[in-house]
Amino acid sequence: MTDLINAAPKVLNVDQLPTREGKEDRIEQAGYLPGLLSLSVFNVPFTEKSSPGSTPALSDSSLQSDDEEFESVDALEIYDLISSISDPEHPLTLGQLAVVNLEDIQLNDSGNPNEIAEVIIKITPTITHCSLATLIGLGIRVRLERCLPPRYRIIIKVKEKTHQSENQVNKQLNDKERPTMGVFIPHSKLHTLKEYKYQSDDRSITTKYFLKPFWTQFVKIFPLWMAPNMVTLSGLFFILLNLVTVLIYDPYLDNAEKPSWIYFSYALGLFLYQTFDACDGMQARRTGQSGPLGELFDHCIDALNTSLSCIVFGSTITCGWGWLLVVSQFATLMNFYMSTWEEYHTHVLFLSEFSGPVEGILILIGVYIFTGFKGAHVWKDPVIYLNLEKLNMGSEFPLTVTKLFSFIGAIGLLFNIYSARRNALAKLSEPSHQKEASKGLIPFFFFYTSVFVQVFLYKDVILPGAGLPLVLSIGLTMAFSVGRIIVAHLTKQDFPMCQPPMFIPLGEIILTELLTRVFDFDRFSVANNLQWTGFGLSLGIHALFVTEIIYEITGYLDIWALTIKHKKVD
């Protein structure tokens, strides 16, 4: 560097700098190392006597073994760590140049080793147009990340009114390599993640007296080093295995001659999914890993399972890729959406006396076992014949097992919808608030209106040839939608009314009409290709959402998604 940016900086006497160390150590630390060589990976961070530009020694009471946390770290020790860093331009330290000052270090630490602590450091550039402010800040970050326990979250800012590009430098220091941050969680809402508190109200008798005692014992098979989110994800693999079985043995969902073991495998896979899904919360409490990411992760996986299980159910009753499958998926997703909408407004996860995650899944398991013993043809057999002449449906209308099961399922669905609406509106006493909350149901019905219109217009094209991408696209869209609602609930944002994937069916209708009527393309080819395009688009949007949310939450809370970063300290 030929010309110095600041040729005559103000220099403090090293003896006057605050420190917990002895004067001799401080004098030795004032030596010169060009640039930021003190941040070399080969530098030993703790020594009995710190060499010039190296990391100062910490007291024995502060330094623990690799497996232990620091017992106490205060602002003065933070200052000792960073004040000895060499300035990249002058043969002086950041402390001597007053770039870092003790009064500009703020430490927020509850003292609980299982909670995130926060270190906020404000640096003072020697001149207002200093081009090395970002480099200095990043150097401080590297030093602290190497020396402090990982539970400390580091925030470095330029002190107010000390740099002409203050906002730009602050963004570079704290948002580096976060190009998509703020799309789903605004910067101003990240702090609400620390206020997270899980609340639930499970009124299921089945859970209380039968399942919970079993889950309490089953969770012990998971080692304490296994992250709760990995338990949740492992459960999804059983559903994916069921889906693969369907695609191999019954790709058109109409094969009634499948081996009986397939139905038993469906039952086992769904039972294990339910068990793993219930145990992830218990595992979180065992390992001290409860947090907002776990709740979001759980909801996203449940949303995917809801649609995938509809396909497995369609294979069991051999309904094919038809209207019955579309309506079944609508019913289950409406139940799931209503439950999430309810949680957003009540801040409590309600599980009614008859809920989908408990009794609903157990009924499906019973359906699979029943089919395994009786065969799939039983779903087509009439139970009784009804006289429906007044409805012009004949004097011997066959009520099949499928129709009877659908009727019972509809009653359960209506009960859950009523319960969700009752709980949400009871929380909102003001009529104006109730009306505003009810608007949150509009996106769901708008989306499904476009889905039903699309299926009705092209039922002879979509259902026979593109039923799979249609169902998967709907499932991914709803997984994205409920995921955003949960994020809004966790971060105290407004209810997300605009969900981009929900416009995919409408866009497909417009494009199909345009390409077939104006440009005379083949109707079957266009409708099928657009379904696969819609599936790819919804998959991409959902993947972007999941990736960014995981990245933002793990980065802010200093945790890992699928492994445990901070072990529970008893």
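Phe276 is buried, with a relative accessible area of 9%. This residue belongs to a predicted model of a chain that has 16 helices and seven strands. Buried residues account for 50% of the 570 residues in the chain.

**Aromatic pairs**

- Across the whole structure, a search finds 27 aromatic pairs.
- Phe276 pairs with Phe222: the ring centres are 5.1 Å apart and the planes stand at 85°, so the arrangement is edge-to-face.
- Because Phe222 lies in the loop between α5 and α6 while Phe276 lies in helix α7, this pair ties together parts that are 54 residues apart in sequence.
- Phe222 is also buried, its relative accessible area being 5%.
- Tyr448 and Phe452 form a tilted aromatic pair, at 5.4 Å centre to centre and with 45° between the planes.
- Both Tyr448 and Phe452 lie in helix α13 (residues 442-457), where they are four residues apart, about one turn of the helix.
- Tyr448 counts as buried at 1% relative accessibility, whereas Phe452 counts as partly exposed at 25%.
- Tyr448 and Phe452 also belong to a cluster linked by ring pairs, which includes Trp323, Phe330, Tyr337, Phe444, Phe445 and Phe447.
- Lys459 lies over the face of Phe456, 4.6 Å from the ring centre.

**Helix α10 and its packing**

- Helix α10 spans residues 356-374, and its buried residues are Val358, Glu359, Ile361, Leu364, Ile365, Val367, Tyr368, Thr371 and Gly372.
- These buried residues pack against four helices, namely α5 (205-218), α7 (260-287), α8 (292-316) and α11 (401-427).
- Gly375 follows α10 and has a positive phi, near 95°.
- In the chain as a whole, 74% of the contacts between residues at least 6 apart in sequence join residues at least 24 apart.

**Surface**

- The chain has an accessible surface of about 27,600 Å², and carbon and sulfur atoms contribute 62% of it.
- A nonpolar surface patch is formed by Val244, Ile248, Tyr249, Trp261, Phe264, Ile369 and Phe373, which together have about 710 Å² of accessible area.
- Helices α6 (228-249), α7 and α10 each give two or more residues to the nonpolar patch, and α6 gives the most, with three residues.
- Phe264, one of the patch residues, is found in helix α7.
- With a relative accessible area of 31%, Phe264 is partly exposed.

**Salt bridges**

- A search of the whole structure finds eleven salt bridges.
- Lys258 forms a salt bridge with Asp250, and the closest N and O atoms are 3.0 Å apart.
- Lys258 is buried, with a relative accessible area of 7%, and Asp250 counts as buried at 1% relative accessibility.
- Asp201 forms a salt bridge with Arg203, with 3.1 Å between the closest N and O atoms.
- Asp201 is partly exposed, at a relative accessible area of 25%, and Arg203 counts as partly exposed at 32% relative accessibility.
- Glu436 and Lys439 form a salt bridge in which the closest N and O atoms are 3.4 Å apart.
- Lys439 counts as partly exposed, at 36% relative accessibility.

Definitions and conventions. Residues numbered from 1 in each chain as written. Predicted model: local features only at pLDDT ≥ 70, side-chain atom pairs only at ≥ 80, totals over all residues. Heavy atoms only, no water. Buried < 20%, exposed > 50% of the residue type's maximum accessible area, 1.4 Å probe, protein only. Contact = heavy atoms within 4.5 Å. Areas by Shrake-Rupley, 256 points an atom, 1.4 Å probe, with all protein chains shown as cover. Patch = residues over 30% accessible without salt bridge, like charges linked within 9 Å, V, L, I, M, F, W, Y side chains within 5 Å. Salt bridge = Lys/Arg side-chain N within 4 Å of Asp/Glu carboxyl O. Phe/Tyr/Trp six-rings, centres within 6.5 Å; stacked < 30°, edge-to-face > 60°. Lys NZ or Arg CZ within 6 Å of the ring centre and 35° of its normal.
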